[in-house]
Amino acid sequence: QVQLVESGGGLVQAGGSLTLSCTASGRIFTVGTMGWYRQAPGKERELVATIDIGGWTDYADAVKGRFTISRDNDKKTINLQMNSLKPEDTAVYYCNVERITTQRGPFYDIWGQGTQVTVSS
């Protein structure tokens, strides 16, 4: 069974920093593009940042220059370093993997359980 385990959410004041982590667990051979998405109350889920297996990154305009996504392929982990946080960054943050290859075959579009990030003004 494949799971994404997230950690690192919490409450922080505006201007502060948080780091989110997500680890893929299970009998995994390879992990494709990983990323973070977020969903604020009353809004649709939106892309925050993605990183592929080669380290190429993509960011939403709203977080460019403030957030940094990184990846450790051996540990099947990604991190999202969030700096200069704003109240509008408040949301549930979800980890996503586009494709995981296992002994039982590939699995697609896997989501974590979500972690709450709250930024107070």
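## Strands S8 and S9

Asp72 stands opposite Thr77 of S9. S8 and S9 pair in the antiparallel sense over six bridges; two strands count as paired if DSSP finds at least two bridges between them. Strands (E, at least two residues) are DSSP runs, numbered from the N terminus. The model is predicted: local features need pLDDT of at least 70, side-chain atom pairs count only at pLDDT 80 or more, and totals for chains, interfaces and linings use all residues. Residues are numbered from 1 along each chain as its sequence is written, and side-chain values use heavy atoms, with hydrogens and water left out.

Lys76 is placed in the loop between S8 and S9. Its phi is near 55°, a positive value in a residue other than glycine. Lys76 counts as partly exposed because its relative accessibility is 21%; buried means under 20% relative accessible area, exposed over 50%, and partly exposed in between (1.4 Å probe, protein chains only).

## The four-stranded sheet

S8 and S9 belong to an open sheet of four strands with the order S1-S3-S9-S8 and antiparallel pairing. Strand S1 (3-7) and strand S8 (67-72) stand at the edges with a single partner strand each, so one side of each has no neighbour in the sheet. On average, neighbouring strands of this sheet are turned by 15° against each other, direction ignored; the axes are lines fitted to C-alpha atoms, and angles run from 0 to 180 degrees between N-to-C directions.

## The largest nonpolar core

A nonpolar core is a set of buried Ala, Val, Leu, Ile, Met, Phe, Trp, Tyr and Cys residues joined through side-chain atoms within 4.5 Å. The largest one has 32 residues, of which Trp36, Leu80, Met82 and Tyr93 touch the most other members. S10 gives the largest share of this core, five residues.

Leaving aside neighbours within four places in sequence, Leu80 is in contact (heavy atoms within 4.5 Å) with residues including Leu18, Leu20, Trp36, Val48, Phe67, Ile69 and Tyr93.

Asp89 is found in the loop between strand S9 (77-82) and strand S10 (91-102). At 1% relative accessibility, Asp89 counts as buried. Beyond its neighbours within four places in sequence, Asp89 contacts Arg38, Arg66, Phe67, Ser84, Val117 and Val119. Ser84 lies in the loop between S9 and S10 as well, has a positive phi of about 50° although it is not a glycine, and is partly exposed at a relative accessible area of 40%.

S10 pairs with strand S11 (residues 105-111) in the antiparallel sense over six bridges. A hairpin joins S10 to S11 through two residues, and Arg99 has Tyr108 of S11 as its bridge partner.
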